[in-house]
Amino acid sequence: MKKVMIVDDNSLAAEGIEKNIDWEKLDAQVSIIQYNSRSALEAMKENPVDLIISDIEMPDLDGISMSRLALSINPMVKIILISAYDKFEYAKRAIRLGVYDYIEKPLDYTYLTEKIHAAFVQLDKTKKNMDLVQASRPLMTEKFFSDLLKYPGEAASVHLGQLLEYLDLDLHYNYFDVLIIEPETLNEDHKPDFSQFQLELFNILDFLKEQLQPFSCTYYLKEFESVICIIGDNSSSQKRFVQAVQNVVSDISENYNNYLYSLNIGIGTVVNNLWHLPASYTSASHALKYRFFFPHKSIFDAKDAMGKDFSLLSFMESSEEELIRLICEKNETAIEKWLTDYFQELTEKIQDKNILFIRIYSLLGHILKFLYEMNLDTSDLEKEI
């Protein structure tokens, strides 16, 4: 049942509205009658209402000002303002403010009843849609992280930052990392169907939630072939955070027991900013992408043996795009310099041969992709690779 408040400094006018409307038929009741605007505002704080019917000409606070304050208290409340004068400027200000309707005296109670009914219909629609919005918050949170991880460029905070407050996400942590967990069938001759595979992904998701409890912040995304874990924590140092991640990943690998699957785990680059998570996700993806070079391993960590993290652009294609441009220009001198600088950087920053393989195969893959797009025969080159 809807609750209605009538506000009018003229008690006879307020009584007329209360007595001449069939509230029962509207499934509503007049729960509050007030004779000045300020007391009406105090009353609605104590006893929320769905509809306010108010005279616009009030001695203490006019209906427009009262409506502004009422809507700040309850943005969902519907307001119908009544005036003895045809003041177009009043009506225009009221509608701009968000008042539902503005009608003139003398009151036609049949017309007012229609307006009240229409206000209730709109209120029901608004509440239904609000419930849908609230119900969709988990999906919106999932969409936020999915978009963030794959966001191109440096402007993720600009486009997604406004959603943090709306989704009530507290992500003020010192360090973040991304894990990608991909189950792999142990028996190639007996692959499970899609539904069985998805069921196992949900089982893995539950398993991961148990294993990752030590971290302050964990979010999960289930994709068709993998589970992505976003980890955040306020560790005292990056080294301590990295060690904690590695320990948990080792436990995940050791404690997962399933005769149908094994787990491949990609560990991304640790970052110290939420908006740098795309780099962590990209590095974890690349580490997994080249796992077929190392069949004896199940954990693939995107950092070198010296414990130094890659820069945020380690796996980005910006520098490789520069090489493609030089190839297009047939600038042999510049190509030679690019390659010299590229391999010098690799040998200075990376001491792990597995990571060297990954970086070089990434570059070769980029070049092959370009040659495919140019419809060039790459068979000899592929044999050489």
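1. Start with helix α6 (residues 137-149): K143 and D147 sit four residues apart there, about one helical turn. Their side chains meet in a salt bridge, 2.6 Å from N to O (a side-chain nitrogen of Lys or Arg within 4 Å of a carboxyl oxygen of Asp or Glu). K143 is partly exposed at 47% relative accessible area, and D147 is too, at 28% (buried is under 20%, exposed over 50%, partly exposed in between, with a 1.4 Å probe and protein chains only). Helices here are DSSP runs of H or I with at least four residues, strands are E runs of at least two, and both are numbered from the N terminus.

2. A word on the basis: this is a predicted model, where local features need pLDDT of at least 70, side-chain atom pairs count only at pLDDT 80 or more, and totals for chains, interfaces and linings use all residues. Residues are numbered from 1 along each chain as its sequence is written, and side-chain values use heavy atoms, leaving out hydrogens and water.

3. Now look at D124 and K2, whose closest N and O atoms are 2.9 Å apart in another salt bridge. D124 belongs to helix α5 (residues 109-135) and K2 to strand β1 (residues 2-7), so this pair ties together parts 122 residues apart in sequence. K2 is buried at 14% relative accessibility, while D124 is partly exposed at 40%.

4. Eleven salt bridges turn up in the structure. One of them pairs R325 with E329 at 2.6 Å, four residues apart in helix α12 (residues 318-329).
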